[in-house]
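Hi,

Here is the structure I promised to pass on. Have a look at it first, and then read my notes below.

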Amino acid sequence: MDESAARQWLIDQLAVSRETLERLQDFVNLLREENERQNLVSRASLDQVWSRHIVDSAQLLRFAPAAAATWLDLGTGAGFPGLIVGLLRPGSVVLVEERARRAEFLKRAAEVSGIGDRVRIVASRVERFEAEPFDVISARAFAPLEKLLALGERFAAPATRWILPKGRNAKSELAAAESSWQGVFRLEPSITDADAQIIVAEQVHHRSKGKRAR
């Protein structure tokens, strides 16, 4: 998927408006500028920022419940997928990023993108963030699946949907986690990488805790 096709995908598949595309471009401009000061993403990936980062994040919306009002993104880094989710859907989004400089960038990016009123930046380790339930939990390139589930379980209710892009290791990470974690798991293909997959899960709980009440 080239850059032109990536923008067109947003229009065709998500009905992204011209105004929102302009806001996304404002974010891309800020990302390029800030990447000169701190290593947010690889320089090589900036040549394909719309496909490698914007659409790669936006595609997760295909798996989100229509009624989802709250979204938690763990280890947001440069804003993927959480900030893109905030730009493309209504509802509140919480971005957890422990690195102070990246958290400051995310705050500026949310303001520049016009979503500062709906996006909350938590500059903290996930372990220190006070637990509350979310409709959706996401994370991209943050931690192996077993660790990710352990960190995120206290933010999940039985109906919470986990949407976790895991690249080419999705199948092996899921197989490794299934001995300790129970739930309804499925693998979905990524549209930006033919070899990558996205783990989508619900009713997730640690096997040692028994089955949660529905």
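Predicted model: local features only at pLDDT ≥ 70, side-chain atom pairs only at ≥ 80, totals over all residues.

Let's start with helix 1 and helix 3. On the helix 1 side, Glu3, Ala6, Arg7, Trp9, Leu10 and Leu14 meet Val49, Trp50, Ser51, Ile54, Val55 and Ala58 of helix 3. Sorted by class, that contact has 9 nonpolar, 1 polar and 2 charged residues. Helix 1 covers residues 3-14 and helix 3 covers residues 49-58; their axes are 8 Å apart, at an angle of about 20°. Angles under 35 degrees count as roughly parallel, and helix 1 and helix 3 are therefore roughly parallel to each other. The crossing of helix 1 past helix 3 is left-handed.

How many of the residues of helix 3 are buried? The count is 9 of 10, so this helix is mostly covered, where buried means under 20% relative accessible area. The buried ones are Val49, Trp50, Ser51, His53, Ile54, Val55, Asp56, Ser57 and Ala58. The cover over them includes helix 1, helix 2 and helix 4.

Next, helix 2 and helix 5. Helix 5 is made of residues 100-112, and its axis comes within 9 Å of the axis of helix 2, crossing at roughly 150°. That makes the two, helix 2 and helix 5, roughly antiparallel. Their crossing is right-handed. From helix 2, Asp26, Phe27, Leu30, Leu31 and Glu34 meet Arg101, Phe105, Arg108, Ala109 and Val112 from helix 5. By class, the residues in this contact are 6 nonpolar, no polar and 4 charged.

Now for some single residues. Phe129 sits in the loop between strand 3 (119-122) and strand 4 (134-139). Is Phe129 buried or exposed? Its relative accessibility is 7%, so Phe129 counts as buried. Setting aside neighbours within four places in sequence, Phe129 is in contact with Leu72, Val94, Val96, Arg120, Val122, Ser124, Phe134, Arg154 and Phe155.

Strand 7 has a pair to look at. His205 is in this strand, which runs over residues 197-206, and Gln203 lies in strand 7 as well. With a relative accessible area of 5%, His205 is buried, whereas Gln203 has 26% relative accessibility and so counts as partly exposed. The side chain of His205 reaches the backbone oxygen of Gln203 at 3.4 Å.

Last, some backbone details. Most residues other than glycine have a negative phi, and most peptide bonds are trans. Gln203 is not a glycine, yet its phi is positive, about 55°. Ala15, not a glycine either, has a positive phi of about 55°. You'll find Ala15 in the loop between helix 1 and helix 2 (18-35), and its 63% relative accessibility is why Ala15 counts as exposed. Which peptide bond is cis? The one from Phe80 to Pro81, with omega near 0°. Pro81 belongs to the loop between strand 1 (70-74) and helix 4 (82-88).

Over to you!

Definitions and conventions: Residues numbered from 1 in each chain as written. Heavy atoms only, no water. Helix = DSSP H or I, 4+ residues; strand = E, 2+ residues; numbered from the N terminus. Buried < 20%, exposed > 50% of the residue type's maximum accessible area, 1.4 Å probe, protein only. Polar contact = N/O pair within 3.5 Å; in protein donor to acceptor, adjacent residues only side chain to side chain. Axes fitted to C-alpha atoms, helices over the stretch in contact; angles between N-to-C directions. Parallel < 35°, antiparallel > 145°, perpendicular 65-115°, else oblique. Left-handed = near helix turned anticlockwise from the far one by under 90°. Contact = heavy atoms within 4.5 Å. Nonpolar A, V, L, I, M, F, W, Y, C, P; charged D, E, K, R; others polar.
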